[in-house]
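Welcome! Let's take a friendly look at this protein together, starting with its strands and ending with a pair of loops.

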Amino acid sequence: MSETRSPLAPAAFPALPAIPGVTLRVARARYKTWDRCDLTFVTLDEGTSVAGVLTQSRCPSPEVEWCRKALVLGRARALVVNAGNSNAFTGARGRAAVENLAAKAAQHLGCEPSDVFLASTGVIGVPLPIDKSEAGLAAAFTAEPCGWEDAAATIMTTDTFAKAAVTQAVVDGRTVNLVGIIKGSGMIAPDMATMLGFVFTDAAVTPEFLQRALSDANGKTFSCITVDGDTSTSDTVLAFATGKAGNAPLANDDDAGADAFCAALADLCHQLALLVVRDGEGAQKLIEITVEGAESDRSAHRIAMSIANSPLVKTAIAGEDANWGRVVMAVGKAGEPAERDRLGIRFGATQVARGGLAVEGYDEAPVAAHLKGREIEIGVDLGLGEGRATVWTCDLTHGYISINADYRS
């Protein structure tokens, strides 16, 4: 956790309601030499449904593999999150640590190990120490329940602020709450998932419907952000629905309140995703990139991500340099259909290029003023079709280099 709070951080941690059926506890496993809690233990009442999206990395952590198998059953009783050690690329020792933690939590709760979900974040290549994880979990068993802010802070690594969001929906005539906590600051280029994110709701939702809703929300939010173009070995987003609101369980799109629930979940995921970008390592500016006029939405997304992941674009924004030629470069290298003489580019509300040329009489002054702000907009129109996508990233500063050069120190 950084001592310097991101300038893009919200003014305060949000007020979040308790979710019936969810109990939060934190403890110190001391995975690193830091004076803070680094193990989160969440208990979930019987009958809780679960869904998840997980990294598509070909080098996933044992925790990701464990969750992938457990998700098939669709039920959950606990979540254990370790911060400071990702336990990825650790072979049999890493798998043994996961199995041990799941077994210990299951024994404590009187459930099956497959009802326990696990996630870890931190340094790759170091096995999760079983002695420390056992001691931390045992301490969590007897710890007093805590609030959302403590839980959100405990899952952080290089984050500069605790991240959480809340939404509501009316389902079957009942108001249901959705609360989410997330961590992420670097190694952010989600591929079907993101960092570590956890959503909790008191709505009654079948596992199958919850999975569809989460996957749809993910495609519009978590999979549309990038900080540095690197996909983690441990990316995990899990959603838990306790059913305590008492609504008729959502199982189909035409159920009462299904649309409202899906919209609320998508809104929550959008809020959480932007919090991660606002805390991008070394970030000083939040950048929204909209691509329209592409041959398809997929093509627009690929072009937008090409722009968002370009070090040249990101450093130009950091330097407040209106070098729109770098956007042209990023469009051209994306490998998607584009025609130079139809291309249009804007910064903020100012059109800077159209039809393959700089706009006649282009005045850079309003663009320069826009780039001095904290929130930057880049728009691209390909003039080819109806495809459209929006993604979010941050600038690339010396701060990113400093954080990652010293990460293991």
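## Strands side by side

Strand β9 (residues 286-294) pairs with strand β13 (residues 375-381) in the parallel sense, over seven bridges. Two strands are said to pair if DSSP finds at least two bridges between them. Within this pairing, L286 stands opposite E375 in β13.

Strand β13 also pairs with strand β10 (residues 344-347), this time in the antiparallel sense and over four bridges. Here R346 is found opposite G379 in β13. The numbering of strands (E, at least two residues) and helices (H or I, at least four residues) runs from the N terminus, and both are DSSP runs.

## How to read this model

This is a predicted model, in which local features need pLDDT of at least 70 and side-chain atom pairs count only at pLDDT 80 or more, while totals for chains, interfaces and linings use all residues. Residues are numbered from 1 along each chain as its sequence is written, and side-chain values use heavy atoms, with hydrogens and water left out.

## Two loop residues with positive phi

Now look at the loop between β3 (75-85) and α2 (91-109), where N87 lies. N87 is not a glycine, yet its phi is positive, near 60 degrees. Is N87 buried or exposed? N87 counts as buried (under 20% relative accessible area, with a 1.4 Å probe and protein chains only), because its relative accessibility is 0%.

E320 sits in the loop between α8 (311-318) and α9 (325-333). This residue, also not a glycine, has a positive phi of about 55 degrees. With a relative accessible area of 31%, E320 is partly exposed, a term for values between buried and exposed, the latter being over 50%.
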